[in-house]
Amino acid sequence: MALSVIVAGLGAMGSAAAFHLARRGAKVLGLDKFVPPHPFGSSHGQSRIIREAYFEHPAYVPLVQRAYELWRELEEMTGERLLGITGGLMIGKPEGELVAGALRSARLHGLAHEVLTADEVRRRFPVFHLPDGFVALYEPRAGILSPERCIAAHLTSAQRHGADLRFGEALMEWRTDGKGVTVITDKGRYRVDALVLSVGAWFPSLMPSLPLQVERQVMFWFRPKGDGNRFAPEGCPIFIVEFAPSRFFYGPRAPSMGPTRRSFPRAVVHRPVGRGMERSAEDQRHWG
Ligand SMILES: Cc1cc2nc3c(=O)[nH]c(=O)nc-3n(C[C@H](O)[C@H](O)[C@H](O)COP(=O)(O)OP(=O)(O)OC[C@H]3O[C@@H](n4cnc5c(N)ncnc54)[C@H](O)[C@@H]3O)c2cc1C
């Protein structure tokens with residue numbers, strides 16, 4: 001008999017889990033408290049970067065290489081273009097965590113890459129002006145994914161493989177007894193073989209015993225001055241900048257902007273600045 005699974009939370013992780021489980025023949029019930037893709041979690045804002053030369057650790061490289069294959073497969077299945085290759089610049093001091101780490105991954109896994117001086121970056125990608133002493137590792141396979149369209153593609157494909165998806169239904173609690181799981185939602189009670197928890201930033205409210213702290217990450221869109229075409233992918237690959245030791249910001253241009261329109265590169269600043277959707281007093285102070 002097919003394995004019965006509830007996937008609770010259908011954002012980036014849960015939608016993919018629901019699809020892959022359903023495709024492998026599991027009987028999938030997917031639940032989300034909202035209607036994904038939605039702007040309340042971690043998977044919205046039009047763009048996410050994807051890159052191969054992970055500075056964080058070379059162990060990520062085979063995982064992300066498999067992800068590239070799966071995105072292409074999903075594109076073929078759905079006829080949707082999800083992944084755009086732009087190339088990517090990892091910018092920072094040569095000995096910094098970002099450049100040194102990306103170089104380590106690139107060398108260890110034989111990835112195509114170039115190390116460019118500040119002048120070379122300026123010549124090839126004139127929108128970038130690197131400070132003195134900075135270099136960039138360029139990797140040609142980096143690119144952009146649209147999180148909302150990726151979630152929609154995974155959910156549609158999960159349904160095509162028989163998954164039952166229910167939106168506006170929240171997981172409340174669950175009990176395991178060695179033979180399966182009893183799952184209680186705000187709409188009902190289910191008995192299944194397995195439960196996938198993919199509730200993202202909502203984990204602390206469902207499992208307060210886990211030592212997790214939710215960090216808010218804020219996205220910004222900037223309207224460039226002058227000719228927006230300078231920010232087309234050929235001239236403006238995705239980038240990560242280590243502007244101070246272990247302090248990063250990164251961004252692509254928003255993919256929904258056509259090449260003739262002004263682009264809106266996005267930057268993400270890694271620091272906790274609050275918890276809710278609203279702009280905190282600290283946001284106002286820092287970003288106006
Ligand atoms: C600003 C920002 C920029 C990022 N940039 C990048 C990037 O460039 N590249 C990259 O690879 N990664 C990036 N990430 C990380 C990536 O976006 C996340 O890892 C990913 O979106 C997490 O998906 P998720 O499924 O865990 O969470 P979510 O997509 O938030 O999904 C969680 C889901 O659970 C549902 N849920 C919550 N509680 C319940 C409940 N009780 N019952 C049922 N459903 C529930 C929610 O409604 C939601 O739909 C970025 C993240 C942020 C925040």
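Tutor: Let's begin with contact: two residues count as touching if their C-beta atoms, placed from the backbone, lie within 7 Å. Keep in mind that this is a predicted model, where local features need pLDDT of at least 70 and side-chain atom pairs count only at pLDDT 80 or more, while totals for chains, interfaces and linings use all residues. Residue numbers start from 1 along each chain, as its sequence is written.

Student: Which residues of helix 5 are buried?

Tutor: Helices (H or I, at least four residues) and strands (E, at least two) are DSSP runs, numbered from the N terminus. Buried means 20 or more other C-beta atoms within 10 Å of a residue's own; exposed means 12 or fewer, and partly exposed is in between, with C-beta atoms placed from the backbone. In helix 5 the buried ones are Pro147, Cys150, Ile151, Ala153, His154, Leu155, Ser157 and Ala158. As a rule, an α-helix has 3.6 residues a turn, so residues three or four places apart point the same way.

Student: What covers the buried residues of helix 5?

Tutor: The cover includes helix 1 (12-23), helix 2, strand 2 (27-32), strand 3 (48-50), strand 8 (143-145) and strand 9 (164-167).

Student: How do I read the reach of helix 5?

Tutor: The expected span is 1.5 Å times one less than the number of residues. Helix 5 (residues 147-160), with 14 residues, reaches 20 Å from first C-alpha to last, close to the 20 Å expected. After helix 5 comes Gly162, with a positive phi near 95°.

Student: What is the strand order in the open sheet of four strands?

Tutor: Two strands pair if DSSP finds at least two bridges between them. Here the order is 9-2-1-13, with parallel pairing. Strand 9 and strand 13 (194-197) are the edges with a single partner strand each, so one side of each has no neighbour in the sheet. Inside it, strand 1 (residues 4-8) joins strand 2 through five bridges, and Val5 sits opposite Val28 in strand 2.

Student: Where is an antiparallel pair?

Tutor: Look at strand 10 (residues 171-176) and strand 11 (residues 181-185), which pair that way over five bridges. Arg175 faces Thr182 in strand 11. Their hairpin has four residues between the strands, and Gly178 takes a positive phi near 90°.
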